[in-house]
Amino acid sequence: MAVALCGGADTPCAPAQDGNEPALPTSEAVYRVKRSFARVAQAEALTARFYDRLFALRPDVRPLFASSLADQQHKLASTLAVVVGGLDDFEALRGAVSALGRGHVAYGVSEAHYAAVGAALIWSLEAETGSLLPEEREAWIEVYGFLSTVMMRAARSAAPNPTP
């Protein structure tokens, strides 16, 4: 399976779409994501770092954020808390994540943006927590890969002319 890159040239982030159902993250990955996210002291500071990094990686996405960036940072902080909190029940979470993916189509988000989002998220988590242990970083890559695959599939189904 081909992968998009998350951060460095050899760091996979989101699986490319190959038609197979994405594997659910392991319970160990869920535990590590939750444990590391609990070390984030200020979710709003995390999301401010995230957007700074995302715009540095992909300046072309800045125009997609017409509303107040402070509002967007707050929304992302809330969404991260809900998603991380819901990781114990992926089937329940799948619907909400799919809705996010479909909603992002209207904002102009494309599949090409997901790798940069993953890279910015992991970079921001590392900066905000002081560092991630290697196994925590891998857990975030695993969980983000699953969630981004669900979002991209939902986005494809919501696009005006979905690709097969």
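1. Two aromatic rings of Phe, Tyr or Trp (for Trp, its six-membered ring) count as a pair if their centres lie within 6.5 Å, and in this predicted model the structure holds six aromatic pairs.

2. One of these pairs is formed by Phe 50 and Tyr 51, with 4.8 Å from centre to centre and 80 degrees between the planes. Because planes over 60 degrees apart count as edge-to-face, the pair of Phe 50 and Tyr 51 is placed in that class. Phe 50 is buried, having a relative accessible area of 6%, and Tyr 51 is likewise buried, with a value of 3%.

3. Another edge-to-face pair joins Phe 90 and Phe 146, whose rings are 5.1 Å apart from centre to centre, with 75 degrees between the planes. Phe 90 belongs to helix H4 (residues 90-107) while Phe 146 belongs to helix H6 (residues 134-158), and so this pair ties together parts of the chain that are 56 residues apart in sequence. Both Phe 90 and Phe 146 are buried.

4. Returning to Phe 50 and Tyr 51, a reader may also note that these two residues form one aromatic cluster together with Phe 55 and Phe 65.

5. When its neighbours within four places in sequence are left aside, Ser 98 is in contact with Val 150 and Ala 154.

Note on methods:
Residues are numbered from 1 along each chain as its sequence is written. This is a predicted model: local features need pLDDT of at least 70, side-chain atom pairs count only at pLDDT 80 or more; totals for chains, interfaces and linings use all residues. Side-chain values use heavy atoms; hydrogens and water are left out. Rings of Phe, Tyr and Trp (its six-membered ring) pair if their centres lie within 6.5 Å; planes under 30 degrees apart count as stacked, over 60 as edge-to-face and the rest as tilted. Buried means under 20% relative accessible area, exposed over 50%, partly exposed in between (1.4 Å probe, protein chains only). Helices (H or I, at least four residues) and strands (E, at least two) are DSSP runs, numbered from the N terminus. Contact means heavy atoms within 4.5 Å.
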